[in-house]
Amino acid sequence: MEKFKTLNAIAVPLPRDNVDTDIIYPGKYLTTIARTGLGEMAFETIRYRADGSPDPNCIFRQPPFDRAEILLTGHNFGCGSSREHAVWAIRDLGFRCIIAKSFGDTFYFNCLTNGLLAITLGEDEVDRLVSSAGDGKILVDLENQRVQGPDGEIYPFEMDGFQRDCLLKGLDAIDLTLQDEDLIAAFEAQQRAEQPWLYASPSRTTDPSQ
Amino acid sequence: MQASAPNTLYDKIWQAHVVAARGDACALLYIDRHLAHEVSTPQAFEALRLAGRGVRRPEASIGVPDHNVPTGDRSVPPAGAASARQIRLLEENCAEFAIEHIPLSDLRQGIVHIIGPELGLTQPGMTIVCGDSHTSTHGAFGALAFGIGTTEVEHVLATQTLVVRKAKSMRISIDGELPRGVTAKDMALSIISTIGAGGGVGHVIEYAGSAVRALSMEGRMTLSNMSVEAGARAGLIAPDETTFAYLKGRPKAPQGEQWEAAVQYWKGFASDDAARFDAEITLEAAAIQPLVTWGTSPEDAVPITGKVPDPKGISDPRKSRAVERALDYMGLAPDTPITDIYLDQIFIGSCTNSRIEDLRAASKIVKGRHVAKSIKRAMVVPGSGQVKRQAEEEGLDRIFIDAGFEWRQPGCSMCVALNEDKVPPGERCASTSNRNFVGRQGPGSRTHLVSPAMAAAAAIRGHFVDVRNWPNGS
């Protein structure tokens, strides 16, 4: 996973609540088996016109927001489906950070596993950032857990220490877990003793129509 | 487990699965069951291969294609090479990593959240994950079940664990008796319209109260399924005799002597009387009405007796703008009575409402009647091959077919519109599914979420009607 320490970048405002994962990455493109190159399909109903041509009036395509690496949005961003494609697509568009009033839970975790920093700020704080987004860059400092608006205003944010550490160091979660393999094995041994039915065999069933 | 501190059901399942702490709020949790489908797993298996990792406990996972499978003629290959490739890859990946796979040709194939309970894979006190948000369905059994991303799928396959952040707890108590014609689906929509689509963010919801206790397992699954539409990570209902009776004798449920031991163990999974929740919500069952969504979020629900809102009457400018945008997409005028909304399409199916009781409820409305001429397409998509067979044994297929419905093969179908089952652009669908998002049932599709009985009644009349007034009951 790519490390995240600081980011000084333009932020594009999408001041709506409940932006769902179907808006971020339409279901019809879920038949892909790739993780990359999905940015083209991101926010399709916002970034493209009905005839499929890019919408030049869309805020994502207007300078300076066409260079944005931060997304500013409302409540419950990324609600809906657990599709990680939504995060892959946003990353592929060049974003490294999303600042929202709240996030869909699964989407939030998907961001962190992909090096996309998801920051939750208060209602007024996000509104202030949205109104000043056109004035310049926003500075995001993960180490010190603070965001600095174009006007110099500082907004501290909360983040779980473990998750912050993983992002700062770019740790591979599976490698980290595998270091605790003995603990996993011990858990399984105890569970097998206490709930043998979970380990009963044969576990496979057969087609009753056969 | 601390004997002194009162615990919620969620605390108890959590504590029973902690392998190691991860900072203050996270833990490495053991995962008892993993359900794999074709859409969210190809990249996970590929990553395993690239990293040279194996699957830790293949017997803890099961694979079944459901999202993009054809629901028509199964003798022909799926439409679209990409879908066919995903279905083939699931089968190949399961074979390569020794995971049980239920193919399209198997009677047990169906929507992953229908077949988990049906096979007895879903059990109280478990942790269950799947690369699908409606994994919340399994919470109906008192299992901590939630959707995960593809990278997390890979993590579970490789380690049988997952790093999870402990959520806050919310209890939603619904007491009293549901009025005739009002279902678990209406309970769910009522909750979401009350607390909002983001009302449950950061929480696990436990459903309690006499109206929840009175629900069948199928009704409980419908309720818990929609937890994610309220923004919650998961839903939970404490297991009871209804749960045990449902599970007993199912092929993957504990057998013989182990059954009694398991039931004893499961009985410990209930919130202590003194347990405290971070949030408490109370609803009266008697006040719940049949609901219909008018917008593009599941929170946009009003009673069948209600009207489409007027954005001009909403003082918060952002909310007013959101309603305006939704009505524009939905092609609805402010203040339109819900019963004046005419439909083009009817979809009875999805992991929310495609179990046998759902089909029975819809068939009672439909029996001896015919779908309105103005309806372009009405379809019933059973949740699994076993649901379909049972419905056919009860003659429900004839009732639907005689009434002008299509009787199709099991799958996610028009809920997610990944296969050929799509609502054409601009058309309006009464759907028993869970999401009315922009483009959810196909680009430009307009979705109204309702219960199976309400969808069936709308099919017959061509517009929404109050199922409580339906002749011969509902």
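The model is predicted. Chain B and chain A bury about 5900 Å² between them. The largest nonpolar core holds 114 residues. Over all chains, the count comes to 44 salt bridges.

**Interface between chains A and B**

- The contact involves 83 residues of chain B and 66 residues of chain A.
- Carbon and sulfur atoms carry 54% of the buried area.
- On the chain B side, Q43(B), R165(B) and R318(B) lose the most area to chain A. Together they make up 11% of what that side buries.
- The two chains share 9 salt bridges. One of the pairs with a partner in each chain is R56(B) with E181(A), at 3.3 Å from N to O.
- Polar contacts link 26 residue pairs between chain B and chain A, both residues at pLDDT 80 or more.
- Helix α5 of chain B, residues 150-159, gives the most to the side that touches chain A, with 7 residues.

**Two residues that touch both chains**

- H155(B) sits in helix α5 of chain B. H155(B) counts as buried because its relative accessible area is 4%, under the 20% limit.
- Leaving out residues up to four places away in sequence, H155(B) touches A173(A), I174(A) and T177(A) in chain A. Within chain B, its contacts are L28(B), Q160(B), T161(B), L162(B) and V163(B).
- P15(A) lies in the loop between β2 (11-14) and α1 (21-24) of chain A. Its relative accessibility is 42%, so P15(A) counts as partly exposed.
- Beyond four places in sequence, P15(A) contacts L72(A), V130(A) and R318(B).
- P15(A) and H75(A) are 60 residues apart in sequence, with 8.9 Å between their C-alpha atoms.

**Nonpolar cores**

- In the largest core, F43(A), F77(A), I346(B) and F405(B) touch the most other members.
- Helix α15 of chain B (residues 452-461) supplies the largest share of this core, 8 residues.
- Another core, of 38 residues, lies apart from the largest one. Its members include F162(A), W197(A), L121(B) and I128(B).
- Not counting residues up to four places away in sequence, F43(A) has contacts that include L14(A), V19(A), F60(A), F77(A) and L93(A).

**Domains of chain A**

- The domain assignment gives domain 1 as 6-169 and domain 2 as 172-200.
- The C-alpha centres of these two domains of chain A lie 36 Å apart.

**Salt bridges within chain B**

- K166(B) pairs with D11(B) at 2.7 Å, N to O. K166(B) is in the loop between β8 (161-165) and β9 (168-175), while D11(B) is in helix α1 (residues 9-15), 155 residues apart.
- K166(B) is partly exposed at 30% relative accessible area, whereas D11(B) is buried at 14%.
- E427(B) and K376(B) form a salt bridge, their closest N and O atoms 3.4 Å apart. E427(B) lies between β17 (406-407) and β18 (428-431) and K376(B) between α12 (356-366) and β16 (377-380), so the pair ties together parts 51 residues apart in sequence.
- E427(B) is buried at 14% relative accessibility; K376(B) is exposed at 55%.
- R408(B) meets E420(B) at 3.8 Å, N to O. Both lie in the loop between β17 and β18 of chain B, so this pair ties together parts 12 residues apart in sequence.
- R408(B) is buried at 11% relative accessibility. E420(B) is partly exposed at 34%.

- Salt bridges with shared partners join R35(A), D172(A), D175(A), R53(B) and E154(B) into one network.

Methods:
Residues numbered from 1 in each chain as written. Chains lettered and ligands numbered in written order. Predicted model: local features only at pLDDT ≥ 70, side-chain atom pairs only at ≥ 80, totals over all residues. Heavy atoms only, no water. Core = buried A, V, L, I, M, F, W, Y, C linked by side-chain atoms within 4.5 Å. Buried < 20%, exposed > 50% of the residue type's maximum accessible area, 1.4 Å probe, protein only. Helix = DSSP H or I, 4+ residues; strand = E, 2+ residues; numbered from the N terminus. Contact = heavy atoms within 4.5 Å. Domains from an automatic or database assignment. Buried area = accessible area lost by both parts, 1.4 Å probe. Salt bridge = Lys/Arg side-chain N within 4 Å of Asp/Glu carboxyl O. Polar contact = N/O pair within 3.5 Å; in protein donor to acceptor, adjacent residues only side chain to side chain.
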